[in-house]
Amino acid sequence: MRLTTRRVAPGRWLILVGLVFVVGVVWPQMPHPDHLVVEVPHDRPYPSVVIELEADPVDGYNLHLVTRNFEFTPEAVNQELVANQGHAHLFLNGAKVARLYSAWRHLPQALFEEGVNRLEVVLNANDHSTWGIAGEPIGEELLTYSGATSGSPIVYGDVSYRSSWFWGRAKAHRSGRGWRTTNDLGYEVHVRAGRVVTRNLELVPCHAPSGSMSMARLLELFRPPAVHAGHASMLPNASRISKSFEDDLGDPKPREIEVRRVRDPEYCQAHLLVARPSGTAPSASSVEVSGTWKKKGGGRSSFEIDGGVAYGELKDLRALSGGEPEAQSIIGGVRVELRRRLDTLFDGVDFETMDSAAQANAVAHSLVGDAELLAN
């Protein structure tokens with residue numbers, strides 16, 4: 001079998017603020033410049049690792065790695081690469097502190113800085129190459145609080161999702177039924193009823209590559225969940241909404257969606273997908289809209305858009321106040337607002353020439369492409 005490799009690109013410095021007991025703590029992203037990332041063969045199940053950490057009553061912490069589809073082979077270290085075998089590398093605040101040849105390790109308190117620390121474990125092959133998927137190392141990265149004397153010192157944060165609508169030039173209809181807008185092709189549209197299904201909304205950690213993962217993330221949504229657990233930056237991850245949700249396009253209103261408990265240190269992007277609900281038949285709809293349209297000087301005609309189109313994008317997380325892309329630390333929690341536009345909902349829709357499926361596709365592209373993910 002042929003294995004592909006690439007070097008892990010150096011990351012960037014990130015500042016975590018807002019924790020009561022930490023001021024101005026800075027960690028480097030883990031560069032791992034000495035090891036190649038080796039893709040797991042496509043015919044093998046993907047390995048995964050989850051970090052468990054408990055305070056030790058005598059000193060420091062006890063580390064436990066919960067792995068799937070991975071075998072620790074200390075007897076084969078420095079030998080040839082074998083799929084799904086090897087050891088792990090442990091990093092603390094950017095510095096490699098140990099090789100791990102088994103699932104358990106004691107970490108002395110002296111290793112940790114006061115306050116919050118960044119801990120990372122990656123899975124490595126016998127020859128010390130780093131196992132990866134789509135170029136992303138397989139492992140987990142999280143924050144710990146060194147002041148913990150009992151229980152787990154892992155730092156968690158809440159991600160709260162909210163949905164809202166930007167009206168722009170769209171207006172509530174004077175009859176009190178629905179709303180109206182004019183699209184970029186000159187059609188005046190009056191919406192009377194409709195619905196859109198959001199199949200997936202989740203945050204993407206800053207240490208995940210933005211370009212190479214987009215297709216992998218989309219495909220992963222349609223695979224059985226037992227295929228692999230993946231890296232904390234792979235899918236599924238803890239920030240993903242637990243189930244699809246619907247919004248009423250005939251009477252669009254803001255709404256609270258869900259709160260998720262996460263432990264990835266910070267997030268830079270979000271993945272948004274409009275698609276039919278999980279577990280439904282292929283004929284199920286993801287976008288439905290009905291109402292009337294007309295062009296200047298013409299009469300009014302009815303329309304009914306109905307399609308099971310699936311469309312998703314990776315979107316930058318932008319600051320709620322300034323609108324600029326901005327990393328969001330989990331310290332203190334992250335509030336994410338999915339803001340979609342009504343005034344551009346029908347841009348690109350030619351009611352006279354396009355069939356319902358093509359119209360549904362254009363509407364889905366507008367709902368996702370023109371959406372903003374605003375966070376604070």
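**Figure 1. Aromatic cluster in the predicted model.** Trp-167, Trp-179, Tyr-187, Trp-293, Phe-303, Phe-346 and Phe-351 make up one aromatic cluster in this predicted model. Two of its members, Phe-303 and Phe-346, are both buried. Their ring centres are 5.9 Å apart and the planes stand at 75°, so Phe-303 and Phe-346 form an edge-to-face pair. Phe-303 belongs to strand β23 (residues 301-307) and Phe-346 to the loop between β26 (334-341) and α2 (356-369), so the pair ties together parts 43 residues apart in sequence. At Tyr-187, Lys-295 lies over the face of the ring, 4.7 Å from its centre.

**Figure 2. The ring pair of Tyr-61 and Phe-112.** The structure has 10 aromatic pairs. In the pair shown here, the ring centres of Tyr-61 and Phe-112 are 5.1 Å apart with the planes at 70°, so the arrangement is edge-to-face. The pair links distant parts of the chain, 51 residues apart: Tyr-61 is in strand β6 (residues 61-68), and Phe-112 is in the loop between β10 (104-107) and β11 (116-124). Tyr-61 has a relative accessible area of 1% and is buried; Phe-112, at 9%, also counts as buried.

**Figure 3. Salt bridge between Arg-195 and Glu-288.** The structure holds 21 salt bridges. In this one, the side chains of Arg-195 and Glu-288 meet at 3.0 Å, N to O. The partners lie 93 residues apart, Arg-195 in strand β18 (residues 188-205) and Glu-288 in strand β22 (residues 287-294). Arg-195 counts as buried because its relative accessibility, 18%, is under 20%. Glu-288, with a relative accessible area of 26%, is partly exposed.

**Figure 4. Salt bridge between Arg-240 and Glu-202.** The closest N and O atoms of Arg-240 and Glu-202 are 3.9 Å apart, and the two residues form a salt bridge. Arg-240 sits in the loop between α1 (214-220) and β19 (245-248), and Glu-202 in strand β18, so the pair ties together parts 38 residues apart in sequence. Both Arg-240 and Glu-202 are buried.

**Figure 5. Further charged groups.** A network of salt bridges links Arg-162, Glu-256, Arg-335, Glu-337 and Arg-339. In another salt bridge, the side chains of Lys-253 and Asp-251 meet at 3.4 Å, N to O. Asp-251 is partly exposed, with a relative accessible area of 40%.

**Figure 6. Whole-chain context for the close-ups.** The protein has 2 helices and 27 strands. Of its 376 residues, 52% are buried. Among contacts between residues at least 6 apart in sequence, 72% join residues at least 24 apart. The protein exposes about 16,600 Å², and carbon and sulfur atoms supply 50% of this area.

Terms used: Residues numbered from 1 in each chain as written. Predicted model: local features only at pLDDT ≥ 70, side-chain atom pairs only at ≥ 80, totals over all residues. Heavy atoms only, no water. Salt bridge = Lys/Arg side-chain N within 4 Å of Asp/Glu carboxyl O. Helix = DSSP H or I, 4+ residues; strand = E, 2+ residues; numbered from the N terminus. Buried < 20%, exposed > 50% of the residue type's maximum accessible area, 1.4 Å probe, protein only. Contact = heavy atoms within 4.5 Å. Areas by Shrake-Rupley, 256 points an atom, 1.4 Å probe, with all protein chains shown as cover. Phe/Tyr/Trp six-rings, centres within 6.5 Å; stacked < 30°, edge-to-face > 60°. Lys NZ or Arg CZ within 6 Å of the ring centre and 35° of its normal.
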